[in-house]
Amino acid sequence: MDNNTKLYVGNLSYDMTEQELKKHFESIGTVNHAKIIFDETTSSKRSKGFGFIEMSDEESAKRAIDKLNGTEFMGRNIIVSAARPRTKKDY
């Protein structure tokens, strides 16, 4: 996976599905993968309000940031930025 095509998407509606998220980004370009992060520690498995999108190419990823960051989607102004590589947390 190319990190230049992976995007962080924040301030998502807690009711949003991965399919809805993917469809929204497909207006920009081909989406390889959409993932919403859920809180696995609660019984309701509620969304944490953020997720990740992997676009098919770097140009589509840049266009998604330009066109969708700060826009309204399902009643919330979403945050779209380049995803940072995962780091090991120090506990």
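## Strands and the loop of Met-74

Helices and strands are DSSP runs, a helix having at least four residues and a strand at least two, numbered from the N terminus. In this predicted model, Met-74 is found in the loop between the strands β4 (72-73) and β5 (76-77). The phi angle of Met-74 is near 55°, a positive value in a residue other than glycine. Met-74 has a relative accessible area of 35% and is therefore partly exposed.

## The loop between β1 and α1

A positive phi value also belongs to Asn-11, where the angle is near 65° and the residue is again not glycine. Asn-11 is placed in the loop between β1 and α1. Its relative accessibility of 29% makes Asn-11 partly exposed.

Met-16 lies in the loop between β1 (6-10) and α1 (18-25). Because its relative accessible area is 2%, Met-16 counts as buried. Leaving aside residues up to four places away in sequence, Met-16 touches Leu-21, Ile-36, Phe-73 and Met-74. Between Met-16 and Leu-68 there are 52 residues in sequence and 16 Å in space, C-alpha to C-alpha.

Side chains of opposite charge can pair when their charged atoms come close. A search of the whole structure finds one salt bridge. The partners are Lys-62 and Glu-58, with their closest N and O atoms 3.6 Å apart.

Both Lys-62 and Glu-58 belong to helix α2 (residues 58-68), where they are four residues apart, or about one turn of the helix. Lys-62 is partly exposed, at 43% relative accessibility, and Glu-58 is partly exposed, at 32%.

Notes:
Residues numbered from 1 in each chain as written. Predicted model: local features only at pLDDT ≥ 70, side-chain atom pairs only at ≥ 80, totals over all residues. Heavy atoms only, no water. Salt bridge = Lys/Arg side-chain N within 4 Å of Asp/Glu carboxyl O. Buried < 20%, exposed > 50% of the residue type's maximum accessible area, 1.4 Å probe, protein only. Contact = heavy atoms within 4.5 Å.
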